[in-house]
Amino acid sequence: MPERILVVDDEPNMLRLLKTILMDKTGYEVTTTNNPLEVSKLLQEAHYHLVISDLKMPLVDGMDLIDIIKKLEPGLPIIIITAYGTIETAEEAIQKGAYDFITKPFRKETILITIRRALEWKRMQGELAALKKQ
Amino acid sequence: MFKFLRRFLKEEVDETSRLQEQFGHFRRLLTENNQALEIMADMEEKLSGEFLFDTGYLETQAERLVTSVSGMVGELDLLTEGRYAELTAICQGLAQEIGRELAAVPIIPETPFILSLSSLNRELAPAVGSKMANLGEIGNRIGLPVPQGFAITASAYKRFLEGANLTGELEARLSQAPIHDLESLETVSQEIQDLIRRAPVPPDLEDALRRAAQNLPTPWLAVRSSAVGEDTEFSFAGQFATLLNVDAAGLPEHYKEIIASKFTSRAIFYWKYQQFSVNELPMAVGVLAMVPARASGVMFSQDPHAPHNETVLITSVWGLGKYAVDGTISPDLYVISRKEGHAIKQRRVTEKPVALACQAAGGVAPVTLPAKQAAAPSLTDVQARTLTEIALLLEEHFGGPQDIEWTVGEAGNIVILQSRPLRVSTPSFAAAPRERSAEPAVPPLLTFGIRAVGGAAAGRVHLFLHDEDVAGIPPGAVVVAKQPSARLVLAMDRIAAIITEVGSPTDHMTILAREFRIPTLVDVGGATRVLTPGQIVTVDADAARVYPGIVTELLDRQPETDENLRNSSVFQKLRRILKLTSPLNLLDPENSDFRADKCQTLHDLTRFCHEKAMDAMFTPDVERALESSRISRLATDLPLNLFILDLGGGLKVSGQETVTEEDIVSRPFKALLRGFHHPGVSWAGQVAPDLKGFISVFANTMYDMNKGERGLGGKSFAIVTDSYLNFNSRLGYHFGLVDAYISEERNDNYISFQFKGGAAAVQRRERRARLLKQILDEMGFKAQAKGDLVQGRLVKYSQLETEGIMEMAGLLMAFCRQLDLALSSENVLERCLDAFKKEDYSLKCLRPEEATS
């Protein structure tokens, strides 16, 4: 089953480009939304392996989303996209539990590599949990 | 004499402070120049299609760029006391234009409310949305069967919102809506949708809708959204309504229903928080004559998960196509070879117990099928092969794999309902253009340099040594130059690659080369010696390597172009902003068009300000500078009467009447003195002994000399900082001037050199000017000779290189000082040139019998 990624960014243009790149370069299934308010609903409706979210969004920003997602599904890796020059906030996001961050503008390859690493981490967490149960 | 009186009478307003202030302006101008060039280079790089960026990036960079360039304009204004006042207005004008581009929203094209499907093509997408535009293209340009129908344009959408007074109402509601969670957002969405359903369609639009519907051959219609703008389609699509088998008479109501469906919670969120008008994402609507379907389905012109299988995938159900995609039933599947003959590789016929069918009274409903039909294939093999041919035709026409909706009518006729690009997955990370698997087999000629513009290209080496030779660059040439030259832009439409011995990824030329996507390597020392004219080479700018011959594996590995990225609105915005930013129109400082009022872009402004700032520093008001109270005399064994004014950090000591060469810290000054001290130089002539004599000579000569030459008599005067030198020297009848900045920041580094005068006849002095020009050219300067005046400027070499050249400039000044008297013929000139090249500075060449003995 292909891995499913949820992408959240309030700018539709960015969503479109991210989705296009992910679908062109990988076999992942990608869902996008420009509306961070509906993230909990989307996560409850379907199972995702990774969330990629912009940091700066109206009403619910990337930081809030980390809290929301961690409550719903603690093991779900989150990659935060930040604007250039906001490294401190990005580090704060990591402290809060984001898996990694990537700074805009970024190379297409960079996001692909970050995603692959996050998904591998998720797989290993799963295997670890399975081993512990045994 | 008033100046002298003033000097003694006025308060301690030290000339040094004024010069320090001047230097401060210059220094800040250089910093802003670097900043501006870096931002421009960064933005150009984003045009390569390898990066993802958003409008936030554009806004930040544009603002930083405008700040830097207006900073330069401000500093130049202070440096030149308002000499180029018009630059401020030009800069403000460009800033405003850039602001407009940033804020620009797509304009809704002015069209009639209705456009018949038979008149549509791809180019009309901004008016009718891509779905209807593509369908028009399929019917009119490819000639495949499509239903009859028409589009209700974006212009009609605008008319509807305005005519029903909805624009203001919607925007007011959006701004006041209390949104704090998903529920409240959905409530607002519902309210707005209801508002749209209740609004009256303006009479003129209603009339147009009814007449268009009446012209269709059937009273039953399919009405569907056709979103305008790729982003809209991608972000909000799939959620918009499609109405099947609805009555033509009710079209105005159906139209409103589709428009209302656009106001989803996602769209509401977008409008509310991106501060755009509701007019910004217009909605077009497609109206098609309903085709009562025997069978329908979807096909992919390639297998998205296995493109290498060379197959077309067709799914098919009885009746209307919705059940083929929504999972209600499992559709028949045909896997058909794309190759001639179209062999059916797989035919999976499923049990299809129900079909979605048109109802006589309107609408659609599921119909239970007889067992025999349910189990039968919904397509004949002939139909499946015909569909395959259509899929390949559509793929060829649209230039990529397609996802196609089709239907088979009651009469067995195939009709195409939609075709859109299919996203074909590649195995993950197959395309990583930058990772190199292996080095080409052939050993490279050059293995260093800085990648200024990526990519690879091959061509014949063309040595480009003089700016004026730009017309002689043949098409497809690999241009190899000592220095980057912005004039190359005149040939950039035909150049394959560029290699320069110095330069940086942010210089003027590179910014232009990036715009033309010419693979460019800079800082490739020795390239003009290693590569020979006419030789065929392959330049791999990514790996900073140059190979002999044509290395096809490098040329094949070109980075893919991503059309999606390039067509995106933010990318287009970047492109438009760069049009106001990057092109360089002021190419040649010697050209009469190198004027403030000719600056058309921010790049022009940076170029102009930088050049004029160097000019302003080049000829300081020496007369005023000499009024400074902080001048020290240099104690030196050189036969020079040399006075120094330190503006900061140029000397180890301060306030001393006499300093030694040991006290000098200034990098360019030390380098110049090293040149003066070269053991091969023979100095001659007497110089005046001290400052007193210096001032008296100054007083005696100030009335018969040009300003700038005035005041020095037989003296030399150096204004210095740690990285700066302005050296004025009057040696006998010769007037020499060197102005230089040498630091770790390569972009700031330059040497301006000037030499003129002499006691010999005009012809001999001109001859010396020509000799100097040739030597300066060889050294990497851009030099001109006019009469007995020679001027040259060299920019953007590294610190080490500039210091070396500065030393040579000192040597050259000493070497040529008395030469004018001796240059009796062209032969002597040639001998001197030859001697200098051979590092013989003794001037024995003037006496051929000695030189040859």
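Two strands are said to pair if DSSP finds at least two bridges between them. Five strands of chain A form an open sheet in the order S2-S1-S3-S4-S5, and their pairing is parallel. At the edges lie S2 and strand S5 (100-104) of chain A, each of which pairs on one side only. From one strand to the next, the twist averages 20°. One step in this order joins strand S1 (residues 4-8) of chain A to S2(A), which pair in the parallel sense over five bridges. Within this pair, Ile5(A) stands opposite Val30(A) in S2(A).

The text now turns to the place where the two chains meet. For the complex, the predictor gives an ipTM of 0.86 and a pTM of 0.76. In the model, 33 residues of chain A are in contact with 35 residues of chain B. On the side of chain A that touches chain B, helix H1 (12-25), strand S2 (29-33), strand S6 (106-107) and helix H5 (108-133) each supply at least two residues. The element that gives the most is H1(A), with twelve residues. By class, this side of chain A consists of 13 nonpolar, eight polar and twelve charged residues.

S6(A) pairs with strand S1 (residues 51-52) of chain B in the antiparallel sense, over two bridges. The bridge partner of Phe106(A) in S1(B) is Leu52(B).

The axes of H3(B) and H4(B) come within 10 Å and cross at roughly 175°. Since angles over 145 degrees count as roughly antiparallel, H3(B) is roughly antiparallel to H4(B). From H3(B), the contact draws on Leu58(B), Glu59(B), Ala62(B), Val66(B), Val69(B), Ser70(B), Val73(B), Leu76(B) and Asp77(B). From H4(B), the contributors are Leu87(B), Thr88(B), Cys91(B), Ala95(B), Ile98(B) and Leu102(B). The residues of this contact comprise eleven nonpolar, two polar and two charged.

H3(B) has a further partner in H21(B). Helix H3 (residues 55-79) of chain B and helix H21 (residues 602-618) of chain B pack at an angle of about 30°, with their axes 10 Å apart. That angle makes H3(B) roughly parallel to H21(B), and the crossing of the two helices is left-handed. Among the residues of H3(B) in this contact are Val69(B), Val73(B) and Leu76(B), which also take part in the contact with H4(B). The residues from H21(B) include Leu602(B), Leu605(B), Cys609(B) and Lys612(B). In terms of class, the contact of H3(B) with H21(B) has eleven nonpolar, one polar and one charged residues.

H4(B) in turn packs against H20(B). Helix H4 (residues 86-103) of chain B and helix H20 (residues 569-579) of chain B lie with their axes 9 Å apart, at an angle of about 170°. These two helices are therefore roughly antiparallel to each other. Here Ile98(B), Glu101(B) and Leu102(B) in H4(B) meet Lys573(B), Arg576(B) and Ile577(B) in H20(B). This contact divides into three nonpolar, no polar and three charged residues.

Chain B also contains a hairpin. Strand S9 (residues 332-337) and strand S10 (residues 344-348) of chain B pair in the antiparallel sense over four bridges. Ile336(B) has Ile344(B) as its bridge partner in S10(B). Six residues lie between the strands of this hairpin, in which Gly341(B) takes a positive phi near 90°.

Chain B averages a pLDDT of 85, and 88% of the residues score at least 70. Over residues 7-12 of chain B the pLDDT is below 50, and this stretch has one contact in the model beyond near neighbours in sequence. Residues 426-437 of chain B also have a pLDDT below 50, with 17 contacts beyond near neighbours in sequence. Where pLDDT is low, the predicted coordinates should not be read in detail.

Conventions. Residues numbered from 1 in each chain as written. Chains lettered and ligands numbered in written order. Predicted model: local features only at pLDDT ≥ 70, side-chain atom pairs only at ≥ 80, totals over all residues. Axes fitted to C-alpha atoms, helices over the stretch in contact; angles between N-to-C directions. Parallel < 35°, antiparallel > 145°, perpendicular 65-115°, else oblique. Left-handed = near helix turned anticlockwise from the far one by under 90°. Contact = placed C-beta atoms within 7 Å. Nonpolar A, V, L, I, M, F, W, Y, C, P; charged D, E, K, R; others polar. pLDDT = per-residue confidence, 0-100.
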